[in-house]
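Please look over the sequence and the model below before reading on.

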Amino acid sequence: MILWILWIFGVLGERGAIAAGDPVGLVIAILTLLFFFGLVIYFVVLALARALGGPLARWVAIPFGLDRAAGLLARESLEWQRDPKGGALLCGALALLHRPRHDEAIATRLAAELAAVKDIGAAGVIASGLLAASRGDRDGARELLVGALDLEMSRTPPAARTIASEWLIADAVHQGAWAQAVKLAEEPGVSLSARARLLVGVASRFAGTHGPTDAGLWILWALAGRHAATRPLLDRALATPRVLHRRRQDAPPPPPPPPVVDDEPELPSDPLARALTLHAHWTARDPIHLRLHPARLGALCRAWDEVWQQAAVRTLVEARAAHLGVLGKGEAIADDFFAEVVEDLAALSEECGVAIAEAIAAERRKGAAATDEDGPREAEDALLGAISGRAVAHLRSRLLGEVEAAAETMESRTKSERALPSVEEWKEWTRLRQIYERAGQLGGLELRRLMFPQVHRSACNFAVWLWNERKEYGVSKPIFRWLLTEAEAVGDEQAIELQKRNVGVN
Amino acid sequence: MARGGRFADNPFYVLGVRPSASRLEIEREGQKLLGMIELGLRAASTYATPVGPRPRSADAVRGAMADVRAPERRILRELWATLPAEATRPPPSPPEGDPFRRDDAPAPAPAQSGWEGAFSLFGWRRP
């Protein structure tokens, strides 16, 4: 409307001025017209940038590795309106990833711009992950991108989620983690490109989950482009039989027969020799063997419990001490020996990710199944013997110490208000959460209840500081949400009330 | 301590003697091994342990001899060396396929390794 009035004013003014021969009126009329055309050009350029910025960045600037151009185009595009700064940095990082070689100067510039961003969103975290990928830090990149998918959906541009998911799918496919690739495609709010859909279709075939038919795979391949490069992958997938969904059955199928395990050692009858044989056997092997069969760890722990019960070691040590002339030190030497055993069992449990109590329970169930016993199921902790109980306590104490140290570091930084860039704050929180979750997995609910008050206090203060003082809503909101979920899991009523208020849930 | 270190670094396995060996026998075996290592004899280059063979160095031999001189420490090491070095089978080479697959997982499909071209399909450099 305003433009229309200006146009009328300009045209009429010009005609009037020309007719009247008034030079001042003529200049005003020309200036008005120039202003009008300038405005029109500005709005046309803005509209074009909004409409075409995203496609131009995606199809021109990013593939050619033009990081600055990609950033500028993305900043104005509609695609990144929820987080224009993060979107610009993400597109810059993507352009860097498209270059044939990593350019540290560009990475440093982008990292510096990222550090200056306040109230970071998912796009910024994903940009940081892509920078880590460009620098060759694949684990770091994976950690950041997975964490970014946990951020608030409302603050995450859909394009950012898609880019993160596609990178993670490519990473899973590259490693042959097919089931993981399929799972990533099921994340909410993700709209995958044709190429990613081809990878997921192929992955579902290899993972043995329900996936596309042969014709479906051909269509996905045709739509994905790069036909020469993807044809060998398609041929591999077509050569793999398709697994259909199992139909729901009224009665559960009978359990499969117990697998024949041919990697168990031959065990001597002497308790010490038996425990040492198992100890040597499983410490020499990959922890995955214990993770897949927790009963094996349970058998090892029970073997050491039996050694302790029989007191043969103490007798042996006393005899050797007397022989070597160190009378009176037998007890201490035996204690040192069992302390080393406890340390090893705790380390094995941590490495394989299986709680000792759970392993012993699995071993008991295995024994009961073999003898067709169906007695009452005892509490897992009640099954622990002297050595396995000490190993559990040792591991819990170590994990608790680790979590408390991480939480105290966070708390002391919060108290002294030592601020880090937004993305670094997110990394700090992710690190504490991972330590806590890993400890919780090994120590069970009991350890989670022990750890939670400290973690809740530190993380809540941290998140409140981020929210109130630094306006980092993107980082603090997921922390409140996680604290609420964990408070409900451990049954901490006060924490539940507090976090419900923080999250805004009644 | 590293996994299996109680066995792999045990002085009795490093020196190739049984825990019942006298102090004199241990010293003699240690000196013999040091001489053999100095001459570069292959027979002294590795030693057997319950967690598989390990490379033997002059430093490891000297460390092992020092380790068993203190009686308390020696008894502790003796307990871990109760097993003969050949008592257990060494770990086999990793089997092909997906080690994360559970035994009760349905329909064993042929194992498929990853695909090298996954990142380049999107035009990205591989990290």
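Directly after α8(A), G176(A) adopts a positive phi of about 85 degrees. The model is a predicted one, in which local features need pLDDT of at least 70, side-chain atom pairs count only at pLDDT 80 or more, and totals for chains, interfaces and linings use all residues. Residues are numbered from 1 along each chain as its sequence is written, while chains are lettered from A and ligands numbered from 1 in the order in which they are written.

**Helix α8 of chain A**

- Helices (H or I, at least four residues) and strands (E, at least two) are DSSP runs, numbered from the N terminus.
- α8(A) is mostly covered, since 15 of its 18 residues are buried. A residue is buried if 20 or more other C-beta atoms lie within 10 Å of its own, exposed if 12 or fewer, and partly exposed in between, with C-beta atoms placed from the backbone.

**Overall make-up of the chains**

- Chain A has 22 helices and zero strands, and 40% of its 506 residues count as buried.
- In chain A, 63% of the contacts with a separation of 6 or more are between residues 24 or more positions apart. Two residues are in contact if their C-beta atoms, placed from the backbone, lie within 7 Å.
- Chain B has six helices and two strands, which follow the pattern α-α-α-β-β-α-α-α along the sequence.
- Of the 127 residues of chain B, 31% count as buried. Among its contacts between residues at least 6 apart in sequence, 60% join residues at least 24 apart.

**Packing of α3 against α4 in chain A**

- The axes of helix α3 (residues 67–76) and helix α4 (residues 84–98) of chain A come within 7 Å and cross at roughly 150 degrees. Axes are lines fitted to C-alpha atoms, for helices over the stretch in contact, and angles run from 0 to 180 degrees between N-to-C directions.
- α3(A) and α4(A) are therefore roughly antiparallel to each other, a term used for angles over 145 degrees.
- The residues making this contact include A70(A) and A74(A) of α3(A), and G87(A), C91(A) and L94(A) of α4(A).
- The residues of the contact of α3(A) with α4(A) divide into nine nonpolar, three polar and two charged. Ala, Val, Leu, Ile, Met, Phe, Trp, Tyr, Cys and Pro count as nonpolar, Asp, Glu, Lys and Arg as charged, and the others, Gly among them, as polar.

- Most residues other than glycine have a negative phi.
- E417(A), although not a glycine, has a positive phi of about 55 degrees. E417(A) lies in the loop between α19 (386–415) and α20 (422–468) of chain A, and counts as exposed with 9 C-beta neighbours inside 10 Å.
- K471(A), also not a glycine, has a positive phi of about 55 degrees. K471(A) is in the loop between α20 and α21 (473–490) of chain A, and its 11 C-beta neighbours inside 10 Å make it count as exposed.

**Contact between the chains**

- In total, 53 residues of chain A are in contact with 42 residues of chain B.
- Helix α13 (residues 271–283) of chain A gives the largest share of the side of chain A that touches chain B, with seven residues.
- That side of chain A divides into 29 nonpolar, 13 polar and 11 charged residues.

Conventions: Angles under 35 degrees count as roughly parallel, over 145 as roughly antiparallel, 65 to 115 as roughly perpendicular and the rest as oblique.
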